Amino acid sequence: MHTTGVSPVLIGRETELRSLREALARAGEGSPQSVVVSGEAGIGKTRLLDEFLDEARRGGATTAGGGCLELGAEGLPFAPFATALRALYRELPDDVERAAAGREAELARLLPELAAAAPAHEGRGRYDGEGKARLLELTAQLLERLAESRTIVLAIEDLHWSDRSTRELLGYLYRTVQRSRLVLVATYRSDDIHRRHPLRPFLAELDRRRTVRRLDLVRLTRDEVAGQLTAITGRPPSPQLVDQIFHRSDGNPFFVEELLPLLHDDGDRSADLSDSLRDLLLVRVEALPEESQRVLRLAAEAGSTVEFGLLLAVSGLSEEQLLHALRPAVDAGLLRPAEDTADGYRFRHALLREAVGDDLLPGERPRINRRYGEALEADPSLVRPEELPARLAGYWHRAGDAAKALPAALQASREAGRRHAFAEQLVMLERVLDLFDRVPAADLPDLADLPGKGYTEAYPALPGAREPGRRYLDLLAEAAVAARMDDDVERAGSVARRALRIVDDKRDPELAAWFWLELSWHHVNAGRGDVRHELARARELVADRPPSSVKADVLATASVWRMLLSPDEEAVRLGEEAVELARQVGAREVEQHARITLAVVRFDQGDHDGSVRLLYELAAEADREGAPAVISRAHTNLTSVLGLAGRYRESIEAARAGLATAARTGGRDALAYIGQNMVDSLLSVGDWEEAERALSQSALHQSTARSRATGYLSEAYLALYRGDVDRVAGLLERAQSHVSPGHRETQFVFPFAQVQAWLAMRRRRYAEARAVVREAVAQRPELGHEAGLWTLLSAVVAGEADAVGDPGAEEGRTAFLDELAAAVDGLPTPTAPARAWAAAFAAELARARGADGPADWEAALAAFAPLERPYERAWLSLRLAEALLGPGGGRERAGELLPGVHELAVRLGAHPLRTETEAVAARARLPLSPGTASAEPADPAQELGLTAREGDVLRLVAQGRSNRQIAEELFISPKTASVHVSNLMAKLGVSARGEAAALAHRLRLFEEG
């Protein structure tokens, strides 16, 4: 019998092993490490990992690992993490229980052994939309706590077979684990990653993260193959043998091991070997006794691992007979004991299992899978309880028995949902839907608990047994919610539209209305913000219906969108009716959502203090009751209205409290939106570094188009403040990609327009900027968003003032300024920020018309006095200094203002503010350091670091001259002119000549006289 030798020495992997050792050392110092190992099948990923884990254990580290199941999306969600956590629990039971204390119920979804320590009641008893986020966060916290005082290496193998939930958890750990002695290592088979493989987006995200180390294993050289053969046989091989094996294996270590016994035992047998990889691997299988071959064929269909008891039941052999059949396969190195089960077996390599499975006859596979299904139905204890639903679903599906496969898939979907593994739940539900018409109505399982008891408070109840048509719609409802919770917006919308095509809205109006609501959320999450049609249809369906949770939810949702578009009395009426209906039918969360909406409308209608008090009460109420979605909305809207009221510090503190609550409850959306509101307030108070950190944290939780758009928009504002035009352009493009231009919510209209207009003006595209502003002003709401409109108009008129003297801005300027003045006629100023921006607008409009004086800027500064907005006040102080330096005097006061403005600009990294302040000081020959004597007369262009020649070139660029025209006027070559233009652009920190020209005009570098 041929046996396979494994080299006792790892060959050709010293570089990769050294990288892993470095990661281990850095983790030991408290810096968590992330590594991904890739390579083709048989290249030695597992062998490298085993060698590293052995070294780590010898060095005192705790190691644990798990492999993804070959069943892929059919498999048990989080399977490798469950295996790894079980290994950690076996080795560190007391430590794991301490680290999981108070979180046992949630973590038991991955580690069922913790269930015994969990409280008697688990969760809220129905669907928890934030459960997945909470499970990911709690798992990260568990690992961080375990790795506080020891180094832990967690290895996840075979990501090419991973389910989506496993990838999400691994990606979350890669992104969020920041302070612990943890090493995360994952492997995948690179030759399996085709163009549409689900792992590709995950790998692309890793490539964007510089913190993840990538190790790509390559094939062995001829000398390394010779070394491997020497290590296996204990003596140097002949050159002929090395050549033969190297040629046939192409340097793949696994193939080297497979070829060696075939070529070494009996001399040169190369002529008898097939070139087919499958046939090569089957040569040694076919050398086994017939009973051993039969057992291998059975084992190949079991999955990654087969338990001895299950294989015993399927084989029909006695224990002694099965052991007798297994022994030759183990001795030949084809099977080996499985590490994650007490008595299981697995193939030495997945390629062997695939070869044996592929050799089955067409009729064998369904019969073998049927036997596995029958064995598990007869004795479910043959596998772990948490694995049973997924294993049964897979076996009956491959057996081709629809009547058995449908209920098994349904049960597997329920288990996946219990684990918050919504992607896998959706896969199973779609299988159930595909099988539905193939199963007689009498054999369909009872769906009475789907999805009303477990998935949404407002799903229409239907007492008694459901007919097949209604049961099919129940499944679609379940699938729609699973897709939405998995952030798979396209599939969520597709399922909802599919249901609406078949639901009888006259017979089941509440059910039809429910699906219209689902479709509306699809549009919101996909960034298609206008949902008026969907909501109008839902309202029409329930208008004459008796009180129900669906009717309350429809009205509550309609109230939300009325609030966002125009918070008028209709929004109040809808919200109040929703509250009353929700109380009648006991829909507590619908009631709370409607009350939050009413509180925000109250703010928009002028009762600022009352609104804030009510939102504080609602947030506290939500915290006590623990509904993640309500917690998210209450804290998000509280921090939002505090910011709108100009109470920025209070908004920041409220956000910190809300984030702490959201972290405990797993509020993914809350962590994104509350964090985003905190970013806005941090930017307002001038804490830009903290804002950047908060942006990074918020980005980890952005799961919808709206939250991503908001995040990119805030980043764009920060880049705008710092004058990074290229970054602003990139971030604006990303933000716009998540929000449909034709269906943009009002809250997005003015901020988007402001960034677009600023960018266009910096590029001297004045007509484009004006068109953007006109379009935004045309969407002015009847009520609400006044501060946003004042901010936009103030920024735009400031840009027009900066462009005075630029020939490209002259055409249409006067008419546009008149339009802006008319646009604010009658525009209310209900909040302190609105009043401040209105005063800034008035001063900037006067500057744009050449009629501003110190009094205009003093008035604007006075309006900003109640607000902590140091950046905006610095700009106003600069404008005041400029006005004081004009006719009428005030030089001394200007000299007092400029150093403070400059100091703030330097501290914040606000490049445009700093550049302009330095230019003003240079023109006025005023010092920027207190106590320094007045500067000698200086050329402002030279103060910016430009040479005299570059100053000449910039003057001509500002006049709109081409390189050839510049060359002719300065008597230089066009190439030299081009070099000067490139150099001055680099010094000015701009990326286009239009930006350089705009900067020159804005800084008045070449004013006459």
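Reply: In this predicted model, the side chains of Asp 486 and Lys 132 are joined by a polar contact of 3.2 Å. Asp 486 lies in the loop between H21 and helix H22 (489-502). Its relative accessible area is 1%, under the 20% limit, so Asp 486 is buried. Leaving aside residues up to four places away in sequence, Asp 486 touches Lys 132, Arg 164, Glu 168, Phe 422 and Ala 423.

Elsewhere, the whole structure holds 77 salt bridges. One of them joins the side chains of Arg 391 and Glu 307, at 2.9 Å from N to O. This pair links distant parts of the chain, 84 residues apart: Arg 391 is in helix H18 (residues 388-399), and Glu 307 is in the loop between helix H13 (290-300) and helix H14 (308-315). Arg 391 and Glu 307 are both buried. In another salt bridge, the closest N and O atoms of Asp 401 and Arg 370 are 2.8 Å apart. Here Asp 401 counts as buried, at 16% relative accessibility, whereas Arg 370 is partly exposed at 30%.

As for the nonpolar cores, the largest has 135 residues, and Leu 296, Leu 310, Tyr 372 and Phe 515 touch the most other members. Helix H21 (residues 468-485) gives the most to this core, with 11 residues. A second, separate core of 106 residues includes Leu 718, Ala 719, Val 725 and Leu 867.

Note on methods: Residues numbered from 1 in each chain as written. Predicted model: local features only at pLDDT ≥ 70, side-chain atom pairs only at ≥ 80, totals over all residues. Heavy atoms only, no water. Core = buried A, V, L, I, M, F, W, Y, C linked by side-chain atoms within 4.5 Å. Buried < 20%, exposed > 50% of the residue type's maximum accessible area, 1.4 Å probe, protein only. Helix = DSSP H or I, 4+ residues; strand = E, 2+ residues; numbered from the N terminus. Polar contact = N/O pair within 3.5 Å; in protein donor to acceptor, adjacent residues only side chain to side chain. Contact = heavy atoms within 4.5 Å. Salt bridge = Lys/Arg side-chain N within 4 Å of Asp/Glu carboxyl O.
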